[in-house]
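I opened this model to go through a few points in turn. My notes follow the order in which I looked things up.

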Amino acid sequence: MFHLDDFFPHFRHWFPPTTRVKKLCKAGHGFGTLESVMVRRRNVGRMAEASSKRPLIMLWIALCLLAIGTGAEHVRELEVSEGVPIGHQIGFIGEFLHGLDSGPPYLIVPVPGSAVDSDLAIDHTTGEIRTKVALDRETRASYSLVAIPLSGANVRVVVRVLDENDNAPTFPTPVMNIEFPENTPRDVKRTLNPARDLDLGRYNTQRYNIVSGNVNNAFRLSSHRERDGVLYLDLQINGFLDRETIPAYSLVIEALDGGTPPLRGQMTVNITIQDVNDNQPIFNQSRYFASVPENATVGTSILQVFATDTDAAENGLVEYAINRRQSDKEQMFRIDPQTGWISVNKPLDFETKELHELVVVAKDHGIQPLETTAFVSIRVTDVNDNQPIINVIFLSDDATPKISESAQPGEFVARISVNDPDSKTEYSNVNVTLSGGDGRFGLTTRDNIIYLVIVSLPLDRELQPNYTLSVVATDTGNPPLHASKTIYLRVTDINDNAPEFESDSYHANVMEVADPGTSVIQVVAVDRDEGNNSAIMYSLLDTPDTHSQWFQIDSRSGLITTRAHIDCETEPVPQLTVVAKDSGHPPLSSTVSVFVTIHDVNDNEPIFDQSFYNVSVAENEPKGRCILKKSTFPGDSHSFKRAKMNRCHAKDIRKECLANCC
């Protein structure tokens, strides 16, 4: 056997069995006698097992003591700064509790999980509390225990660890990378990772500074504290960004707490200025000059233009083109989009054009590309070449070879200019003729310099949509030389044809019991026009007298279906009027009649003209004589109008006969 003294050597000194322990026993807390608290000890090896149960036994005894005490509880609060040396005196349990507890010795019961045993040294004989390890408020902010003096009163001891400035603000990452487009407006923010400080109050993070890298004061910091106590950080634009001047910044940002001196933490913010297409290409000269012989072959290089763009990537990639709207519409020259080399694209002729003025465009590849222009003057040097030249300009809205079928005689189709290559000024030596077109086009001139192709006869695209014209220019030399040009002229459509149905009228059959949506017939119309002028939409003319509300038509396919239940007895052959209208401006339309025969079914029972008949008959009427004639009104068509009738015959003159129908 071993006694409670094996666990608590001073237990009998604190609580003699004749006093407190007997009270425990009498209180009925599980102690029958003092020996009932003893644990049988068979060998020394069992001591280890008993030792492992010591915390539970201590807690059990403390609870028992609390249960039999006076019920009074006193609170003793102590404070100690974190980081004090090991062995530092925190205070005494009974200090300032004079008259409230009987003083030491104390039974010490730590609150489970409070780490009192590992971090604090408590002398139960004096009530003194000292540090056993270096305390860290960020690890544990307080310790709790219960001290029970001989009086049995409870003294709840709370040791609070006071904060010291022993933690510097710390950023979650040492480096942070962000980007700003160079056209970002002033005051735009980017949220940065805030520094966090484990200390409290003024020892927490208090402010941020930019230590270095803020060239031209381009950025500034702003911060705000939220409910979680963290001082959040934003980086704001303070000036104007220009990637072409400064493409990147590397800011060193420090966070300071409120200590004296303050502790600091640093983070590097690498800022990349993203390119915006804000610079147009610039040519190395505004005007270029070159010359080329008229017999230069196609592909001969003439000169190179060059432009640069200070933007980056696609925004700074330059490509070249010739502005065909303002120059070189004949595409006599071409330019390499990447290198800017201009070369001959078609055979040149000094007699036709001696000087070519090109407008060259340099354009970057930005999403909204910027461009600039330069002028190139190319002079064609003379080589003995006498071939006539024919220039044709079409007078349509988009300068393509076309004419509307509504064009009236005398309307212009194209402008033709012809010159004699032997002389730049002697245009009268050239004779121009026009052939083809079935006589519907002619040629007119006032000065033998400019010729106009005109409409001579009315046109009809539906009869002939295309014409081939040939222009021939012949000089008066010996032998004469000539040039020809073929014009493929397209006649454009106007809405001059209404839709035409395939039949003059349509006939269809449908059963009277057909459900709504039943197909009846499909009508088809065609329009000889083209495009929208031939796009046909179908509809039913609203004619209530013919019960058109019974039917509906698909506007695109022309399929007529039933919309509601139909009734042969109301209208056996309703006549529908279908309208076919094209999509021209203005639209044209035509109509056709559709006769729908509704086939009857036996869906109406016969109806007597009255509900009761009373007949008198003489008693001597012969057998077989008719004594009553009546009428019924069947609701169905002819095939269902036959009704069976029973008539009463004179059999007994004393009886009155009633007619019944079946």
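**Salt bridges**

I started with Arg243, which forms a salt bridge with Asp275, the closest N and O atoms being 2.9 Å apart. The model is a predicted one. I placed Arg243 in the loop between β12 and β13 (248–257) and Asp275 in the loop between β14 (264–274) and β15 (282–283), so the pair ties together parts that are 32 residues apart in sequence. Arg243 is buried, at a relative accessible area of 15%. I also noted one network of salt bridges with shared partners, made of Arg461, Glu462, Asp493 and Glu530.

Next I looked up Asp187 and Arg220, whose side chains meet in a salt bridge (2.4 Å, N to O). This pair links distant parts of the chain, with Asp187 in the loop between β8 (175–181) and β9 and Arg220 in strand β11, 33 residues apart. Asp187 is partly exposed at 38% relative accessibility, and Arg220 is partly exposed at 26%.

I then took Arg137 and Glu138, another salt bridge at 2.9 Å, N to O. Arg137 is buried at 11% relative accessible area, whereas Glu138 is partly exposed at 22%. My search of the whole structure gave 16 salt bridges.

**Strand β12**

I checked the burial of β12 (residues 231–237): seven of its seven residues are buried, so the strand is largely enclosed by the rest of the structure. In a regular strand the side chains alternate between the two faces of the sheet. Here I found Leu231, Leu233, Leu235 and Ile237 on one side and Tyr232, Asp234 and Gln236 on the other, and all are buried.

For its partners, I found β9 (residues 189–192) antiparallel to β12 and joined to it by four bridges; Thr191 stands opposite Asp234. β11 (residues 219–225) pairs with β12 over seven bridges, also in the antiparallel sense, and His224 has Tyr232 as its bridge partner. β11 and β12 make a hairpin with five residues between them, and Gly229 in the turn has a positive phi of about 85°.

**Nonpolar core and a surface patch**

I turned to the largest nonpolar core, which has 26 residues; Phe283, Val305, Phe333, Ile342 and Val376 touch the most other members. Elements giving two or more residues to this core include β16 (287–293), β22 (355–364) and β23 (371–381). The most comes from β23, with four residues. Beyond its neighbours within four places in sequence, Val305 has contacts that include Phe283, Tyr288, Ile342 and Val376.

Last, I noted a nonpolar surface patch of about 280 Å² made by Ile393, Leu395 and Phe412. Leu395 sits in the loop between β24 (389–394) and β25 (402–404) and is partly exposed at 40% relative accessibility.

Methods
Residues numbered from 1 in each chain as written. Predicted model: local features only at pLDDT ≥ 70, side-chain atom pairs only at ≥ 80, totals over all residues. Heavy atoms only, no water. Core = buried A, V, L, I, M, F, W, Y, C linked by side-chain atoms within 4.5 Å. Buried < 20%, exposed > 50% of the residue type's maximum accessible area, 1.4 Å probe, protein only. Contact = heavy atoms within 4.5 Å. Pairing = 2+ DSSP bridges. Patch = residues over 30% accessible without salt bridge, like charges linked within 9 Å, V, L, I, M, F, W, Y side chains within 5 Å. Areas by Shrake-Rupley, 256 points an atom, 1.4 Å probe, with all protein chains shown as cover. Salt bridge = Lys/Arg side-chain N within 4 Å of Asp/Glu carboxyl O.
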